[in-house]
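Please brief me on this protein model. I would like the strand pairing, the cores, the loops and the pocket, in short points.

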Amino acid sequence: MPQDPPPTESDDAVIDFLAERDPQADAHWRAILTGDTSLAPASRLGRGLFRHLPSEPRCKWCYAPYGKPFGPLLGRLGWRRWDKNPSLCHACMTYMEDQQGGAEVELAVMFADLRGSTELAATMTPGAYTRLLNTYYGIAGRAIQARGGIVDKYLGDGVLALFLTGYVDQDPASSAVEAAQRILDDVADHRDLPSDHRPLPVGVGVHFGEAYVGIVGQAGQPTNFTALGDAVNVAERVSSSAAAGELIVSDTAVQQLGRPLEGAEPRELTLKG
């Protein structure tokens, strides 16, 4: 087995950050991430009022309505859809960002990657390539959000998504697999893609495991809602093994599904690290 590289200053910063976590904040975040919003003061305050206001859909935490007649007004006051996951509102996420915390929870991680992007970019103008990437991001983002996932970040030509119990309508692994399948279906024949770039060569990987999820960063500095841990790394490496148009689901994720994947075949992989 290859030896792990020596820790870097960045690794030390992450270790220090995790070591300084507030246990009470961790318990608070764990409840939120797993679907128990009873510990969130913002949620309790909002639910007492917003539950009496029409209409659906709503923020899962505070019940703020997004639809008319009250949704547009509340949106201007901060209770609008959160960009990364419309099932939550901006006000609730701002509150959680102020807590500067997170928790170690189980989740499904999906990584979708555009194959041969360097070669593809060489055949297009920068503007055309940017439009193509933006179309791809839109396809992936809609598929992820439709299954209750969170777009963690766009990584050049890749999309990293998190599927947490407190956000999805079904189990995280099933939600991640369905989002991945929809992405592959849509990039194969989507009307917003140029005809000469259909199917768009995308490979996807899904893994299930435990990661630290929460707000990463120091107070007063830019922060980010993200996931850290081996589960994220494995998902990215599983994805890198997928060919264009292929979805690879780790054995751990398949076990969480509780059902066989139709048309799937077993494969043994050796992943970097």
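In this predicted model, strands E3 and E5 run antiparallel and are joined by 7 bridges. Strands count as paired if DSSP finds at least two bridges between them. Helices (H or I, at least four residues) and strands (E, at least two) are DSSP runs, numbered from the N terminus. Residues are numbered from 1 along each chain as its sequence is written, and side-chain values use heavy atoms, with hydrogens and water left out. Local features need pLDDT of at least 70 and side-chain atom pairs count only at pLDDT 80 or more, while totals for chains, interfaces and linings use all residues.

- E3 is largely enclosed by the rest of the structure, because 11 of its 13 residues are buried. Buried means under 20% relative accessible area, exposed means over 50%, and partly exposed lies in between (1.4 Å probe, protein chains only).
- Glu104 sits in E3, which spans residues 102-114. Glu104 is partly exposed because its relative accessibility is 34%.
- The C-alpha atoms of Glu104 and Leu33 are 9.4 Å apart, although the two are separated by 71 residues along the chain.

**Nonpolar cores**

- The largest nonpolar core holds 38 residues. Such a core is a set of buried Ala, Val, Leu, Ile, Met, Phe, Trp, Tyr and Cys residues joined through side-chain atoms within 4.5 Å.
- Met110, Tyr136, Ile144, Phe163 and Val202 have the most contacts inside this core.
- Two or more core residues come from each of E3, helix H7 (126-146), strand E5 (158-164), helix H8 (172-188), strand E6 (202-216) and helix H10 (251-257).
- H7 gives the largest share of this core, 9 residues.
- Another core lies apart from this one, with 34 residues, including Leu33, Met96, Phe225 and Val232.
- Nonpolar side chains tend to be buried together in soluble globular proteins.
- Val202 contacts residues beyond four places in sequence, among them Ala112, Leu114, Tyr136, Ile183, Val187 and Ala243. A contact means heavy atoms within 4.5 Å.

- Leu132 belongs to helix H7. Leu132 counts as buried because its relative accessible area is 4%.
- Beyond four places in sequence, Leu132 touches Leu120, Met124, Leu193, Pro194, His197 and Leu200.
- Leu132 and Asp192 lie 60 residues apart in sequence, and their C-alpha atoms are 8.9 Å apart.
- His190 is in the loop between H8 and E6. His190 counts as buried because its relative accessibility is 10%.
- A polar side-chain atom of His190 lies 3.1 Å from the backbone nitrogen of Asp192.
- His190 also touches Ile139, Arg142 and Arg198, leaving aside residues up to four places away in sequence.
- Pro199 is in the loop between H8 and E6. The peptide bond joining Arg198 and Pro199 is cis, with omega about -5°.

**The H3–H4 loop**

- Ser55 lies in the loop between helix H3 (41-50) and helix H4 (71-76). A cis peptide bond joins Pro54 and Ser55, with omega about 15°.
- Tyr63 is in the loop between H3 and H4. Tyr63 is not a glycine, yet has a positive phi of about 70°.
- Tyr63 is partly exposed, because its relative accessibility is 28%.

**Largest pocket**

- The largest pocket has a volume of about 640 Å³. On a 1 Å grid over the protein atoms alone, a pocket is an open set of points where a 1.4 Å probe fits, with protein on both sides within 12 Å along at least five of seven lines. The volume is the space filled by probe spheres set on the points.
- The pocket is lined by 21 residues, and lining residues have an atom within 4 Å of a point.
- Leu247, Ile248, Val249, Ala264 and Glu265 lie nearest the pocket centre.
- Helix H9 (230-240), strand E8 (247-249) and H10 each supply at least two lining residues.

**Whole chain**

- The protein has 10 helices and 8 strands.
- Of its 273 residues, 45% count as buried.
- Among contacts with a separation of 6 or more, 63% are between residues 24 or more positions apart.

Note on methods:
Polar contact = N/O pair within 3.5 Å; in protein donor to acceptor, adjacent residues only side chain to side chain.
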